[in-house]
Amino acid sequence: MKKIIEKLLQYVQKPARYSGGELNSVVKDAEKVDIRYAFCFPDLYEIGMSHLGMKILYSLVNEREDSWCERVFAPDIDMEEQMRKRGVPLFALESGDFIKDFDMVGFSLMYELCYTNMLNMLDLAQIPLKSADRTELTPIICCGGPCACNPEPVADFVDIVFLGDGEESTPAVIELLKECKKNGLSKREFLLKAKDITGVYVPSLYEPSYNADGTLKQLKPLFGAPEKVKKSVVSDMNKCYYPKEFVVPFISIVHDRAVEEIFRGCIRGCRFCQAGFTYRPIREKSVETINEQAKALIKSTGYDELSLCSLSTSDHSRVNEMLSSLIDWTVEEKINLSLPSLRVDNFSDELVDKLNKVRRSGLTFAPEAGTQRLRDVINKNVTEEEVLSTCNKAFDNGWTSVKLYFMMGLPTETMEDIEGIADLAMKVLHAFYNNPNSRKGSGMQVSVSCASFIPKPFTPFQWEAEDSMESLKEKQRRLLEAIPSKKVKVSYHETPSSLLEGVLARGDRRLCAVLLDAWKLGCKFDSWDDKFNFDAWMKAFDENGIDPYFYTRRKRPFDELLPWDHLDFGVSRKFLERENIRAYEGKTTPHCRVKCAGCGANTLNGGHCDARD
């Protein structure tokens, strides 16, 4: 690490965020590689180091002899102050080298409220913010992650966008950049070639125009760019690259454990859930692969906790066999096995028996809505009886805490639905005290967490209006009034940040100017309540003549061109329209293993979808 950086560490609260040198971090000779890749996570070290996507792509790139991937995180306020004071550009952890000299600088966009952090990191790196102002071939600025399904609000700042599974497209881009560097090609020539790689979107090759009412008229492809850009898809999860080791941090991080991904995609089709549609088709790992990879991670990291990662762990088609095989060795080696994302409708006696063999923690379930009517609208396919039956199974076996996830502001929601949240929470509490097998003296706790619903692209609710801040606050007040017991704890999201998230989630390219001005006004770490500056954002909207409520309060007709319609994540628009209509009819759609609903996602994977096998 450079001595100038070492001198800064004495002035900051957590110097280990910036020192590098952790177990399993990769250090190479910069003179012996062709491509240097700075993988940037636009939030603090503790959050970024918990991100599985970074772990996978970091190791994938570093497996190559010709490339070196290094990690970069958003410096906290104290470190940024020292860097700006002394003119120290943003640097990578492994080498301490300044990322402005790297070939690729990639950002993982996990949530919309990190966009200003991306701009701040580019500025700290002394890299021009706008793609048009970067004329040299390198560094190529790219982004990927969940928010890449609508990258238009950041389109002016990035050169390429990775859509879908990065394991497929990242090596192809590295090979192309290597070739362009070797042959002395320009950035323009690189971008014109990159547009032909599956899963790569080049925003500068598309020209937007707008109707008089402010809606998008056309996003015209230029220079032979495809009218529809398809996401990249890993076909076989058993053959897909997965790291044998993770970098082990010196300090505690949010998810400080080994993580094994067990499948991608989701069979459920909840109409509010973006990940459930954009990660399709469903592709599972075999039980054998899961065990082999999990054992390798535990051995290489020394962790005593293993978490299984998916959108719905208990939906793995061989879940009981998988848990039996994992428990055989994790119990013996005193490894805690963590099972997030369980569903109440397949919480079987056999699954409970398996969970009894691992270290006990609180259980988390997501009814999402307080009444059956609204659960049918959102296609949750969970009944109150299933929730209570599952909780009773847990209480029979010694569990004493339950966390329930809900959303507020869902389409067609009424105050009766809000009161239903309180009713369901109280029924869970009463179930505990009425259960003859529950541990009465242990102190029961029901935690209710309410997120504000944000309509997202590539979901059946992508056309819906977002609930207003005033309405959400009233619903929050009503929920608190409706819960009579202190044993039910309620938490909810602040509404101003939800407004901004909603604007950026479904925004178009005109928001790039707003984003830039908001950053200039000091906005960063927008997802942190103590740093979020709502007034500055409103000023940025006003200065650019943009009404934020145009993007949130307006219900869109099916024939409106949406800013992400030129991107193909596999799920057809017609399917999403049908699901929207069924929502208003209160009709549910069976999950993928009951009956294929014809979403179209299998077309991206050669006709293959694990849910249809």
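**Before selecting anything**

The model is predicted: local features need pLDDT of at least 70, side-chain atom pairs count only at pLDDT 80 or more, and totals for chains, interfaces and linings use all residues. Residues are numbered from 1 along each chain as its sequence is written, and side-chain values use heavy atoms, with hydrogens and water left out.

**The whole protein**

Begin with the complete chain in a cartoon view. The protein contains 21 helices and 19 strands; helices (H or I, at least four residues) and strands (E, at least two) are DSSP runs, numbered from the N terminus. The C-alpha trace spans about 75 × 65 × 50 Å along its principal axes. A compact globule of 613 residues would have a radius of gyration near 25 Å, and the protein agrees with this at 24 Å. That radius is taken over C-alpha atoms, and the globule rule is 2.2 Å times the number of residues to the power 0.38.

Of the 613 residues, 60% are buried. Buried means under 20% relative accessible area, exposed means over 50%, and partly exposed lies in between (1.4 Å probe, protein chains only). Contact means heavy atoms within 4.5 Å. Among contacts between residues at least 6 apart in sequence, 77% join residues at least 24 apart.

**First stop: helices α4 and α7**

Select residues 52–62, which form helix α4, and residues 166–182, which form helix α7. The two pack at an angle of about 40°, with their axes 11 Å apart. Axes are lines fitted to C-alpha atoms, for helices over the stretch in contact, and angles run from 0 to 180 degrees between N-to-C directions. The arrangement of α4 and α7 is therefore oblique; angles under 35 degrees count as roughly parallel, over 145 as roughly antiparallel, 65 to 115 as roughly perpendicular and the rest as oblique.

The crossing of α4 past α7 is right-handed. A crossing is right-handed if the near helix is turned clockwise from the far one by less than a right angle, and left-handed if anticlockwise.

Now display side chains at the contact. On the α4 side are Ile56, Leu57, Leu60 and Val61, which meet Gly166, Glu167, Thr170, Pro171 and Ile174 of α7. By class, this contact of α4 with α7 has six nonpolar, two polar and one charged residues. Ala, Val, Leu, Ile, Met, Phe, Trp, Tyr, Cys and Pro count as nonpolar, Asp, Glu, Lys and Arg as charged, and the others, Gly among them, as polar.

**Second stop: two cis peptide bonds**

Most residues other than glycine have a negative phi, and most peptide bonds are trans. Select Thr138 and Pro139: the peptide bond between them is cis, with omega near 0°. Pro139 belongs to the loop between α6 (115–124) and β4 (140–144). Next, select Arg280 and Pro281, whose connecting peptide bond is also cis, with omega near 0°. Pro281 sits in the loop between α9 (274–278) and β12 (283–284).

Glu368 is part of strand β15 (residues 363–368). Its phi is positive, near 75°, in a residue other than glycine. Glu368 counts as buried, at 10% relative accessibility.

Move to helix α15 (residues 415–434) and select Ala422. This residue is buried, with a relative accessible area of 1%. Which residues touch Ala422, leaving aside its neighbours within four places in sequence? They are Leu479, Ala482 and Ile483. Ala422 and Ile483 are 61 residues apart along the chain, yet 5.5 Å separates their C-alpha atoms.

Phe525 is found in the loop between α18 (511–520) and α19 (534–543). Phe525 has a positive phi of about 50° although it is not a glycine, and at 3% relative accessibility it counts as buried.

The angle between α18 and α19 is about 135°, and their axes are 8 Å apart. This pair is therefore oblique, and α18 passes α19 in a right-handed crossing. Leu511, Val514, Leu515, Asp517 and Ala518 of α18 make the contact with Trp537, Ala540, Phe541 and Glu543 of α19. Seven of these residues are nonpolar, none polar and two charged.

**Last stop: Asn580**

Finish in helix α21 (residues 573–584), where Asn580 lies. Asn580 is buried, with a relative accessible area of 4%. Beyond its neighbours within four places in sequence, Asn580 is in contact with Pro460, Phe461, Trp463, Glu464 and Phe558.
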